[in-house]
Amino acid sequence: MHAINYESPKTIDEAVKLLAAHGEKARPLSGGTDLLIQLRAGTRRPDFVVDIKHIADLCKISFSAQHGLSLGAAVPCLEIHENPHLRRHYPGLTEAAHLIGSLQIQSRATVGGNLCNGSPAADTTPALIALGAMARIAGPGGERTVPVEGFCLSPGRTVLKPGELLVEFQIPAPAKYSSDAYLRFIPRNEMDIAVVGVGVALTLDPANDHVVAARIALGAVGPTPIFATQAVQALVGKKLDDAAIANAGTLAIAAATPIDDMRGTAEYRRHVVGVLTRRALAIAATRAKASA
Amino acid sequence: MVHKVIVETTINGDPVELLCEPRQSLLEVLRDELDLTGSKEGCLTGDCGACTVIVDGRAVCSCLMLGAEAAGKHITTVEGLANGATLHVLQQKFLEHASLQCGICTPGFLMSAKALLDHNPNPTEGEIRYALAGNLCRCTGYDKIVKAVVDAARHGVGASQHGKVPTESTAEVTRDILEREKR
Ligand code: FES
Ligand code: FES
């Protein structure tokens, strides 16, 4: 690994100053489970590594049934999975956090890092998009908020400009009769990169099973995670029966733009998008009904 | 110009102050600076678990953490398991069940298993297999390793307790295993 400088600011301001001063030469360090590998491989060569885990705000989970969830960008996945409120109200997100690598990886890896790394196959990103998460970004010019579906630009590239730091995710309070689910397909039981990942969130009308709100997001089937808006529009206002679920699956397939690679062919991935979308919708619906 | 960093940390219960280069991983710091060579280098990509140590109660890959990040943390390495010549129950059970051959994966498996049992003293076999999924072994086959952990749990290794006083033969094996972990 090439020589680096290590900084561990205590505040967002300090971190932004450091990141702004060193521009492209600086890289934030969250869990490090991607960054250290990239440093060793030489695929990223920052001179300054800015450890953001000493900034209290970035390591915080705050949840209230009224205001929803603020999830610090540097909270490790295992802490998310172990949080009883998150497991209850955002089971799809905790599921996704618990699918990343081994326990050793989950002890360090963070949802913020997963997003900023910019991999199209990031497991937590479709789960965040499904929940309607907003990414709060601090920068030299002040703060801005970006919907997570607009965060990734291409593999490894995000909307973050030099000097900017992802601070937290703001996730809306769970509506009544709502829930989420994340499913991932890999060819083995554990410890692999998604061939396809699908995150779904649903709000139902308990009187007639009609869909009040829905969001569907796809991972590993395009250069960035995909927000499947047409599949969502087709669901809202309809009764969530088998035909509606099948139709949403078909429209999700239409939103996918996969490629052939060693993990699967494009055709196979499209097929799996349909299967996982239908299954995730059914799981989220069951959970939404049980949530009341 | 790269500045070295001073890191104050706690390793196996002892306060340690060390100077390291920011690019050094915790694994390199343990092995090359502190001569704690029990933690092994396998893949350096987080895939094999041979470098597993416990940081503030959680199993982590020490190859994916900078030494500088150890500041203020409590770190347990495989060297912290045995109490003098008395093996930790997990080490004892690994011997009894022949859960190691070349031994390079063993320190990592022991630390993952310890992190599990510290959190969950009565895991199911499924939970044990899940907790060990980040550790690879090329020689032994996983069944013997899982059996050792099942047995250790059955013998009530709650949080960081140690086994009984060893018999003479155990003490010899202890020396053996400690020697092996050094290499
Ligand atoms: S050496 Fe760290 S996981 Fe393999
Ligand atoms: S005993 Fe040789 S790798 Fe496990």
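This short talk goes through the domains of chain A and then two aromatic pairs, one in chain A and one in chain B. Please keep in mind throughout that what we are looking at is a predicted model.

Let me begin with chain A, which is divided into domain 1, covering 5–51, domain 2, covering 57–171, and domain 3, covering 178–289. If we take the centres over C-alpha atoms, domain 1 of chain A and domain 3 of chain A are separated by 35 Å.

Now to the aromatic rings, where a search of the whole structure, over all chains, finds three aromatic pairs. One of them is formed by A:F63 and A:Y90, whose ring centres are 5.9 Å apart and whose planes stand at 85°, and because an angle over 60 degrees counts as edge-to-face, that is the name this pair receives. Here distant parts of the chain are linked, since A:F63 sits in strand β4 (residues 61–64) of chain A, while A:Y90 lies in the loop between α4 (84–89) and α5 (91–97), 27 residues apart. As for A:Y90, its relative accessible area is 1%, so this residue is buried.

Turning to chain B, the rings of B:F109 and B:Y142 have centres 6.2 Å apart and planes at 55°, so this pair is tilted. It, too, links distant parts of its chain, with B:F109 in helix α3 (residues 106–119) and B:Y142 in helix α5 (residues 142–154), 33 residues apart.

Are these two partners buried or exposed, or something in between? B:F109 has a relative accessible area of 1% and is therefore buried, whereas B:Y142, at 33%, is partly exposed.

Conventions
Residues numbered from 1 in each chain as written. Chains lettered and ligands numbered in written order. Predicted model: local features only at pLDDT ≥ 70, side-chain atom pairs only at ≥ 80, totals over all residues. Heavy atoms only, no water. Domains from an automatic or database assignment. Phe/Tyr/Trp six-rings, centres within 6.5 Å; stacked < 30°, edge-to-face > 60°. Helix = DSSP H or I, 4+ residues; strand = E, 2+ residues; numbered from the N terminus. Buried < 20%, exposed > 50% of the residue type's maximum accessible area, 1.4 Å probe, protein only.
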